[in-house]
Amino acid sequence: KIVEGVNGNNFFKNNKLNIISDEKKILYNVGRNMSPSEIGAAASHLKIYKYVVKNKIAQAIIMEDDAFPSEKLKEWIKKNIVAKNNEILGFYAYPSGHIDKNNYRNSIKNVKIHRSKTHLFNSSCYQINYYTCKKILNITKQKVVGLPDWPFNSFENKIYHSITIPFLSLIDDEGYSDLRNSRNTIFKQ
């Protein structure tokens, strides 16, 4: 299913960012304002979670438009490997965070699952289940309250990030990010 992303700039231009975000919670969780593009990115994932819950989808693999799946991801899907409750299984992570040295779960041949010790930027391609989507929507009250990759406090809310090693997808955004430009505008202010 293709889900159209949320354009935070449209809400900003119409002075309606408060419809999709909670400014006070963002300041508390992030320590700064977020750009309209960042808010739109986070709201896009919340939109997908609403779809998952509404349609009672047990497991969902969410891929942003710049994610390219590997043959191993195809094998993963065929073997019907699941994300557990309170777990977000990332198939790619930007250079951030730390993971446990030892894997805590095996999946398919030559792919290990490692739990994150810190925040992981891995929302480009990941797996999540119905229970966790519903929990995130309840925590956030269906509004953006934090960073675009995970709009909630992972540790406080006991939602755990895990990552496959090796990664099961490749992200190719051709070196361009709308988030970077709008984030730089906020930092200059």
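A residue is called buried when its relative accessible area is under 20%, exposed when the value is over 50%, and partly exposed in between, with a 1.4 Å probe and protein chains only. On this scale, 42% of the 189 residues of the chain count as buried. The model is a predicted one: local features need pLDDT of at least 70, side-chain atom pairs count only at pLDDT 80 or more, and totals for chains, interfaces and linings use all residues. Residues are numbered from 1 along each chain as its sequence is written, and side-chain values use heavy atoms, with hydrogens and water left out.

Helices (H or I, at least four residues) and strands (E, at least two) are taken as DSSP runs and numbered from the N terminus. The chain holds 6 helices and 8 strands, and their order from the N terminus on is α-α-α-β-β-α-β-β-β-β-α-β-β-α. A contact means heavy atoms within 4.5 Å. Among contacts in the chain between residues at least 6 apart in sequence, 77% join residues at least 24 apart.

Aromatic rings come next. A pair of aromatic rings is described by the distance of the centres and the angle of the planes. Rings of Phe, Tyr and Trp (its six-membered ring) pair if their centres lie within 6.5 Å; planes under 30 degrees apart count as stacked, over 60 as edge-to-face and the rest as tilted. The structure holds 2 such pairs. Trp76 and Phe91 are both buried.

The pair of Tyr92 and Phe167 is tilted, at 5.1 Å centre to centre and 55° between the planes. Tyr92 lies in the loop between β3 and β4 and Phe167 in the loop between β7 (160-165) and β8 (169-171), so the pair ties together parts that are 75 residues apart in sequence. Tyr92 counts as buried because its relative accessibility is 16%, whereas Phe167, at 37%, counts as partly exposed. The loop between β7 and β8 also contains Pro166, and the peptide bond from Ile165 to Pro166 is cis, with omega near 0°.

Two further backbone features involve asparagines. Asn80 lies in the loop between α4 and β3 and has a phi near 55°, a positive value in a residue other than glycine. With a relative accessible area of 58%, Asn80 is exposed. Asn110, in the loop between β4 and β5 (112-115), likewise is not a glycine and has a positive phi of about 65°. Asn110 is exposed too, with a relative accessible area of 57%.

The loop between α4 and β3 also holds Ile81, which counts as buried at 13% relative accessibility. Leaving out residues up to four places away in sequence, Ile81 touches Trp76, Arg105, Ser107, Ile108 and Gln127. Ile81 and Gln59 are 22 residues apart in sequence, and their C-alpha atoms are 9.3 Å apart in space. Within helix α3 (residues 36-54) lies His45, which is buried, with a relative accessible area of 4%. Under the same exclusion of residues up to four places away, His45 touches Ile62, Glu64, Ser123, Tyr126 and Pro148.

Cys125 is buried, with a relative accessible area of 0%, and Cys133 counts as buried at 0% relative accessibility.

On a 1 Å grid over the protein atoms alone, a cavity is a set of points where a 1.4 Å probe fits but cannot get out, and lining residues have an atom within 4 Å of a point. Grid points are joined across faces, edges and corners, and a volume is the space filled by probe spheres set on the points. There is 1 cavity of 30 Å³ or more, and the largest cavity has a volume of about 50 Å³. Its lining is formed by Arg115, Ser116, Thr118, Ser154, Phe155, Ile159, Tyr160 and His161. For sorting this lining, Ala, Val, Leu, Ile, Met, Phe, Trp, Tyr, Cys and Pro count as nonpolar, Asp, Glu, Lys and Arg as charged, and the others, Gly among them, as polar. The lining of the largest cavity then divides into 3 nonpolar, 4 polar and 1 charged.

Methods: On a 1 Å grid over the protein atoms alone, a cavity is a set of points where a 1.4 Å probe fits but cannot get out, and a pocket is an open set with protein on both sides within 12 Å along at least five of seven lines; lining residues have an atom within 4 Å of a point.
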